[in-house]
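Please examine the sequence and the three-dimensional structure shown below.

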Amino acid sequence: MKTILVVLTLATLAAYAPIRHATFAYEDEVYLKPAQREVTAGEVWTSRGLTVLSFRANTLAAGLDPRGYHGVNVFLHILVGWSFFAVVRLLLPLPYALLATALCLLHPLQTEAVAYVTGRPELIAALGTLWAVWAALQTPFRWWHGGVALLGAIVAVGGKDLGALALPLAGWMRWHVQRPAWSWRVVGLSALGVGLTLAFAWPVVAHRILGNDYLLMTQRRGLPYLGTQVLAVWNYLALAILPAWQTVDHDMELATPIVVWIGLGAGVLALSALWTLRLRWPLVWLGVGWMVLALLPRFFIPLSEYLNEHQLMTPFFGVWIAMSATLMYAEQWW
């Protein structure tokens, strides 16, 4: 097992070796401007505070040399892969856990979050989320596991706004894997989790959503917006299976209304089918549920842009679990 993990790590380093020659791209320089001055306490204690600190540390260590920023991203990606293995090892037999880890580390869909410096918030949020989920899956559940879950949630929010979903994802995994019997302890922990999630989510809502003119720039709202986001998910699921036509940005705005409605209907049908098969394929349902829950705010909060590849890091942990579990069930059936 350790040997294979080392091989996967070396393969990841080899795969991302070319970015040592890369420059800043797209919006990198815009997001790195604040790192060229002292970071205020207000910036640290809001969502993305850890991301701001990490960019500032990069600047203090090596100025605006892109190699330092890319190196940190690759290091974080490897930490994410190891943490993901710790989680899936609790769910899948070893060969399939290693397969899921290989997909996490080496699949081309992850490239944008790693090679794009401004994708670092996704890496930090993913790392914290995995810590929270790992802690939630421990049996027996000790008090210090709760501390690790809380620390993971703090790290996740410090990486990105949607890190506020770390605790809901941890609860989703705990509930479906352990199926705890109802008791005052379970109710109390659930209430505490909901309260902490709201506590993390409120600053995000206050700073990023309320009064944000960026949310008013999209031309689609309601079901058309939801359908377009679902269509984007279908596109990325196809890329997860056959990564042959990736882009650095999205073109979902070009989708016609009929295509959008077809994509939305297909999504409803797919979830309905998996719901009926949840007892037969529980880990597939678990993985798909992870993806949907992690993407849930993006389905309903209207932004002027649709899903980008670098935003898939945390949601697609569920896809890697579902794909590996599908192969496991297929082998068992065979």
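**Cavities, cores and loops**

The largest cavity has a volume of about 130 Å³. A cavity is a set of points, on a 1 Å grid over the protein atoms alone, where a 1.4 Å probe fits but cannot get out, and its lining residues have an atom within 4 Å of a point. Grid points are joined across faces, edges and corners, and the volume is the space filled by probe spheres set on the points. This is a predicted model, in which local features need pLDDT of at least 70, side-chain atom pairs count only at pLDDT 80 or more, and totals for chains, interfaces and linings use all residues. Residues are numbered from 1 along each chain as its sequence is written, and side-chain values use heavy atoms, with hydrogens and water left out.

Of the 14 residues lining the largest cavity, E122, L162, A294, T314 and P315 are the closest to its centre. Helix 8 (120–136) supplies the largest share of this lining, three residues. Helices here are DSSP runs of H or I with at least four residues, numbered from the N terminus. By class, the lining of the largest cavity has seven nonpolar, four polar and three charged residues. In this scheme Ala, Val, Leu, Ile, Met, Phe, Trp, Tyr, Cys and Pro count as nonpolar, Asp, Glu, Lys and Arg as charged, and the others, Gly among them, as polar. The search of the whole structure finds two cavities of 30 Å³ or more. The second largest cavity holds about 30 Å³ of space and is lined by Q229, R298, L303, E305, Y306, L307 and Q311.

Q229 also belongs to the buried residues of helix 12, among which are Y225, L226 and Y236. Buried means under 20% relative accessible area, exposed over 50%, and partly exposed in between (1.4 Å probe, protein chains only). Helix 12 covers residues 222–241 and reaches 29 Å from its first C-alpha to its last, close to the 28 Å expected; the expected span is 1.5 Å times one less than the number of residues. Helix 13 (257–276), helix 14 (282–300) and helix 15 (315–333) are included in what covers its buried residues.

The largest nonpolar core has 74 residues, of which F84, L91, L92, F316, F317 and W320 touch the most other members. Helix 14 gives the most to this core, with eleven residues. Such a core is a set of buried Ala, Val, Leu, Ile, Met, Phe, Trp, Tyr and Cys residues joined through side-chain atoms within 4.5 Å. Beyond its neighbours within four places in sequence, F316 is in contact (heavy atoms within 4.5 Å) with L109, Y236, L237, A240 and M291.

Two backbone features deserve attention. Most residues other than glycine have a negative phi, and most peptide bonds are trans. A cis peptide bond, with omega about -5 degrees, joins T139 and P140, and P140 lies in the loop between helix 8 and helix 9. H145, in helix 9 (residues 143–159), counts as buried because its relative accessibility is 4%. Y26 is not a glycine, yet its phi is positive, about 55 degrees. Y26 is found in the loop between helix 1 (2–15) and helix 2, and Y26 is exposed because its relative accessible area is 55%.

Where is E38 found? E38 is in the loop between helix 2 (28–32) and helix 3 (41–44). At 60% relative accessibility, E38 counts as exposed.

Technical notes
Helices (H or I, at least four residues) and strands (E, at least two) are DSSP runs, numbered from the N terminus. On a 1 Å grid over the protein atoms alone, a cavity is a set of points where a 1.4 Å probe fits but cannot get out, and a pocket is an open set with protein on both sides within 12 Å along at least five of seven lines; lining residues have an atom within 4 Å of a point.
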